[in-house]
Amino acid sequence: MYAAVFTMGKKHLAEVELKMHMHDHIVFERSTVWKDLVGKERQRMDAHADIPKKGYTIPYLNLFISKKTLFNFIAFLVSLTVYIVLMCFDTMNQREASKCLALLLFAALMWAFECIPLFATAFMVPLLVVPMHICRDSNGNVLPASEAAKHVFQAMFSDTIMVLLGGFSIAGALSKHGVAKAFASTILSRAGSKPRYVILVNMYLATFLCMWISNVATPVLCFSLVEPILRTLRPNSTVAPSLILGIALASCIGGLSSPISSPQNIIAIDLMVPSPGWGIWFAAAIPCGIVTVMTTWILILLYFRPDRDTPHLNIIKSQGFSRPTRSQVWVCFVCLGTIALWCAESSMSGFWGDNGVIAAIPFVLLFATNMLNKNDLNNFLWTVVTLAQGGMALGFAVESSGLLDIIGHRIAGGVNHLSDLSIIFVFGLLVLVFATFVSHTVAALIILPIVQQVGQNLPIPHPNLLVMVTGLVCSVAMGLPVSGFPNMNAIMLEDPTGKPYLKIKDFLLCGVPASILAAVLTICLGYGIVSGIGF
């Protein structure tokens, strides 16, 4: 029958193809079962791969210090020295902002060097923010420690955390009930077997999903979809980190794709009169997204070179969609319903109030109907949650202390004589730098009003042009693991042996160049398109 349908009656060729498909299937199932067993053992006994460490033995004490420990200690001393020196000077002519700058650089260096785990550094931020007395109220008065602590912890649990937990619930259900595996095999069957095209397809898939749901939930979904692919790769394959980093960076870029993709887009739209609407936004954002995803993909290929490591992926051809089970139907219904509500959130804000409330729907429904259980809850990426909370605490401190406001206004005073494009480059690079270290939303909240003010004071006012293009640049700040939730999620992913897929240097050597190139292209394309349509 197979020969009659697929090989024009050639039985020998049909036998060869069937053996090849069976080999791929056996390899897939064998690798998956083995890695599942390793993963369960890690959960029960904290099992992990034992890698020999290189280092030095201190004479007389007979104390062994690994090179990694020595590097972490030196990096911590460098970070601490920078912090202490900056704390001794009033660099911003405003004491709270100067102390916040010291904290910002200290946290950035600790995250960059990874002296301690990223999530530990994240929780070190609220530990320092309150005793440093850098939080101020709306009148500029320093808040007492008790009030500052309340504001900091309030910032650490926002609607974004709820969207993250809702995304984890959806991703867990899709993976547990086989929907993710079926979807991934179908996508891969269309993408071919070459890793470069598989990476590209997944990057554009992530960008497309970001158009309709937030770029917080999208990477969680996409990482669950590629999990079956990751589990079939050999150890130390460069395909896995290139695929994960590609999805993370594409999800960051996807934050500019539509007005509902990320909060900074809503902030930009609120500042523009008249409102650009979805049509003008799509006209500028979609070309920027398509081009920047392509350039980011090229940089990932040049850095990881996945085709050299794995010329072809062992992929099971899609067998089509069999009749779904009731649990699969219910999971898909809940997921699609949540996505639809997220898309319609702006028109239903009077009822739901916020995306975080909608994110509670899949959490409640999936656990209430036993689609997920307490073990699935324990398997959520809580390290990502803590990292996100630390970033929110730092963002609140930067905003409350007035640091970002001071820097933004200092730049605004010196750019009034420049052309529109030059001003966009100045503020675009400014928002790129700050959004790399703190929340994209916080950077947009502080800088975009300044951009609007500068645009109104130009000889020929163009406030909408400046605000829209600068707002688009916010989303392509993706150079560090803390630059947006997709990156936070990606840096915490581990293989079944407990080894992280990505390292800090992967973001520094690939993410930073991709972020800079994406920002330049977004500024040039956005300026050309928006000014060309006369907005």
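Q: Is histidine 133 buried, partly exposed or exposed, and what relative accessible area does it have?
A: This is a predicted model, so such values are computed from its atoms. Buried means under 20% relative accessible area, and exposed means over 50%. Histidine 133 has a relative accessible area of 36%, so it is partly exposed.

Q: Where is the place of histidine 133?
A: Histidine 133 sits in a loop. That loop runs between helix 5 (118–132) and helix 6.

Q: What is the phi of histidine 133?
A: Start with the general idea. Most residues other than glycine have a negative phi. Now the case here. Histidine 133 is not a glycine, yet its phi is positive, at about 55°.

Q: Which value does phi of asparagine 370 have, and where is asparagine 370 found?
A: Phi of asparagine 370 is near 65°, a positive value in a residue other than glycine. Asparagine 370 is in the loop between helix 17 (355–368) and helix 18 (374–378).

Q: Is asparagine 370 buried or exposed?
A: Asparagine 370 has 62% relative accessibility, so it counts as exposed.

Q: How is serine 242 placed, and is it buried or exposed?
A: Serine 242 lies in helix 11. Its relative accessibility is 0%, so serine 242 counts as buried.

Q: Which residues is serine 242 in contact with, leaving aside its neighbours within four places in sequence?
A: With those neighbours left aside, serine 242 is in contact with Ile199, Ile300, Phe304 and Pro306.

Q: What should helix 11 span?
A: Count 1.5 Å a residue. The 15 residues of helix 11 (residues 239–253) should then span 21 Å. The end C-alpha atoms of helix 11 are 21 Å apart, which agrees.

Q: How do helix 6 and helix 19 pack?
A: First, the idea. Two packed helices are described by the angle between their axes and the distance between the axes. Here, helix 6 (residues 145–156) and helix 19 (residues 382–401) pack at about 130°, and their axes are 8 Å apart. That angle makes helix 6 oblique to helix 19. The crossing of helix 6 past helix 19 is right-handed.

Q: Which residues meet where helix 6 touches helix 19?
A: Helix 6 brings His151, Val152, Ala155 and Met156. Helix 19 brings Gln389, Met392, Ala393 and Phe396. By class, this contact has six nonpolar, two polar and no charged residues.

Q: Why do residues three or four places apart point the same way in an α-helix?
A: An α-helix has 3.6 residues a turn, so residues three or four places apart point the same way.

Q: What angle do helix 22 and helix 23 make?
A: Helix 22 (residues 440–456) and helix 23 (residues 463–474) pack at about 160°, with axes 8 Å apart. The two are therefore roughly antiparallel to each other. Helix 22 passes helix 23 in a right-handed crossing. Helix 22 makes the contact with residues including His440, Ala444, Leu448 and Val451. Helix 23 makes it with residues including Pro463, Leu466, Val467 and Thr470. The residues of this contact divide into seven nonpolar, six polar and no charged.

Q: How many helices and strands are in the protein chain, and how much of it is buried?
A: The protein chain has 25 helices and two strands. Of its 535 residues, 51% count as buried.

Technical notes. Residues numbered from 1 in each chain as written. Predicted model: local features only at pLDDT ≥ 70, side-chain atom pairs only at ≥ 80, totals over all residues. Heavy atoms only, no water. Axes fitted to C-alpha atoms, helices over the stretch in contact; angles between N-to-C directions. Helix = DSSP H or I, 4+ residues; strand = E, 2+ residues; numbered from the N terminus. Parallel < 35°, antiparallel > 145°, perpendicular 65-115°, else oblique. Left-handed = near helix turned anticlockwise from the far one by under 90°. Contact = heavy atoms within 4.5 Å. Nonpolar A, V, L, I, M, F, W, Y, C, P; charged D, E, K, R; others polar. Expected span 1.5 Å × (residues − 1). Buried < 20%, exposed > 50% of the residue type's maximum accessible area, 1.4 Å probe, protein only.
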